[in-house]
Amino acid sequence: MDERPREEPENPQVLEEIISLILRHRPDITRDAVLKMVEERIRDLGGLIDEDAAAMLVAKELGVPLPKAYVVARGARLRVGDLLPGLRGLKLVARVLRVPRPLALNSGKRVLKVLVGDESGVINLVVWDERAEELYKSLRPGMCILIEGGFAKRYRGRLELGLAKEGRVEVLDEECGLPPFEELCRKHSVNVITVKVCEIVEGSGGCCIYGLHSDRPVQVLVPGDLEMPSLHVGDIIAVQDARELRGDAPRYRANRMTRIFVMARSEPLQSPFKLLEVDEVRSADGSTLLGVRGLLVAALPSRRGAGGSLILAGRLSSVSILSFEDEVIARLGQIRPATPVELRGIYSSGARLRLNPYSSFKVVGEPPLQGAPADSLAAGSGYVSCRATITSCRVKYRLSESGEPLLGVVMSVDDGTGRARVLVSYRDALCRLLRSEWEELSEYATTGLLPKLIPYMEEELLGSDVELRGWLSEDGVMAVTDIEVVSG
């Protein structure tokens, strides 16, 4: 009996998969019996083969069909890490890790560099013209391929794999004895992630994909002009060459180099992402927040850059969501305060909630039934109609990217029983508060006079009495449905 120590198999996963195939086709044989037969074949051949090769021999003897990938992998023992410049007539089994778009050269030729690899390393498979177009359309990340008729050469200091005229590329079964796609990408630092799609937010100019990557929440921002397949909730996709952004959860932004592939289609998952009411936001996990629903208070422009703050209120609290787009501020500023709205496409960064570039919003109902409003701010929450004095006032103003004025007023008021923070961006309310027609304010903005007039507007409002009517949240923020200056 041969007592020499035998090396462990290179890939124990292959051995287990072959044994599973044998047991499925031959339920009359036990696992222990299969393992005993494998050991006998190794002894018969003097220990010159390893366990997975012996298992393939046993499978053949028992009449169990094996996927071509296993047989090819045993015959193609050459690994990526074994390649040297000058080798020709190569046969190699590798997994596709990256398929970029073909590059058009000044000569008119087109070249495609497909990144392939195994556990030993990665290399670019370089193909030209018709072959470039063919492989660009037929290959996707994660596929196992057999490369025959390859040759290795060094180009600008890097080793590349070319394909001879008689060479070919064949797609094999997914289970080809190589490590999983995600494992290889991590091992070789390839900029490709797989995402299980849980939610898709369609916005103006693009969409935001909410999903799971390695069972962790992730967001992918995709501009509308990027060529990509039609996506559905439940799809498993590969996203290559996207740029990682900051945020509490990983966020990626697609660019012109990005490609998105559908790896598999399946039924929708139980989504971890939540659309919450305003009063639920403070206790929520920011990494799984999809959107917020509440009563619109105001859309206040930023004084410095594009966008501003969107304020929604509930009964107990209010929330501020930062947007970086003037269009969102302008459109929400035209919706009557205290209207129920829903914002989708939110992410958290630090202590702030922010709106993704490709977000959406919609009106989701009518304002709550008012009934008889309370007559003082001491009510704490609900509808209030009272007279109060402005104790502080600040006018926020900026010209939008389109040249339209963006205006908002932030005030503190006191009616003797309590205080409230009043935020105004609705056009009709602004005009009544500033005692000007909108055309007049627009003209001041166009001629550059408005910034000079703002200090006088603030001074005139300070100390004035106003009649207020609107929704008051318990944290003292008011969505004003009606406002009138009565003195000052």
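Buried here means under 20% relative accessible area, exposed means over 50%, and partly exposed is in between (1.4 Å probe, protein chains only). This is a predicted model, where local features need pLDDT of at least 70 and side-chain atom pairs count only at pLDDT 80 or more, while totals for chains, interfaces and linings use all residues. Residues are numbered from 1 along each chain as its sequence is written, and side-chain values use heavy atoms, with hydrogens and water left out.

**View 1. Asp241 pairs up with Arg98.**
At 14% relative accessibility, Asp241 counts as buried. A salt bridge (a side-chain nitrogen of Lys or Arg within 4 Å of a carboxyl oxygen of Asp or Glu) links Arg98 to Asp241, with the closest N and O atoms 2.8 Å apart. Arg98 sits in strand 1 (residues 90-98) and Asp241 in the loop between strand 10 and strand 11, so the pair ties together parts that are 143 residues apart in sequence. Helices (H or I, at least four residues) and strands (E, at least two) are DSSP runs, numbered from the N terminus. Have a look at the backbone of Asp241 too: phi is near 60 degrees, a positive value in a residue other than glycine.

**View 2. Ser189 has a positive phi as well.**
Ser189 is not a glycine, yet its phi is about 55 degrees. You'll find Ser189 in the loop between helix 6 (181-187) and strand 7 (192-203). With 67% relative accessibility, Ser189 counts as exposed.

**View 3. Helix 3 is largely enclosed by the rest of the structure.**
Eight of the eleven residues of helix 3 (residues 51-61) are buried, so the helix is largely enclosed. Among those buried residues are Glu51, Asp52, Met56 and Val58, along with Ala53, Ala54 and Ala55. Just past the end of helix 3 comes Gly63, which takes a positive phi of about 75 degrees.

**View 4. Asp118 is buried without a salt bridge.**
Asp118 belongs to strand 3 (residues 110-118). Its nearest side chain of opposite charge is Arg79, 5.5 Å away; for charges, Lys and Arg count as positive and Asp and Glu as negative, with His and the chain ends not counted. What Asp118 does have is a side-chain polar contact with the side chain of Ser120, at 2.6 Å. (A polar contact is a pair of N or O atoms within 3.5 Å; within protein, one must be able to donate a hydrogen and the other to accept it, and residues adjacent in sequence count only if both atoms are side-chain atoms.)

Arg331 is partly exposed, with a relative accessible area of 43%, and Glu327 is partly exposed at 41%.

**View 5. Arg344 and Glu342 belong to a salt-bridge network.**
The side chains of Arg344 and Glu342 meet in a salt bridge (2.8 Å, N to O). Arg344 counts as partly exposed at 26% relative accessibility, whereas Glu342 counts as buried at 5%. For the whole structure, the salt bridge count is 22.
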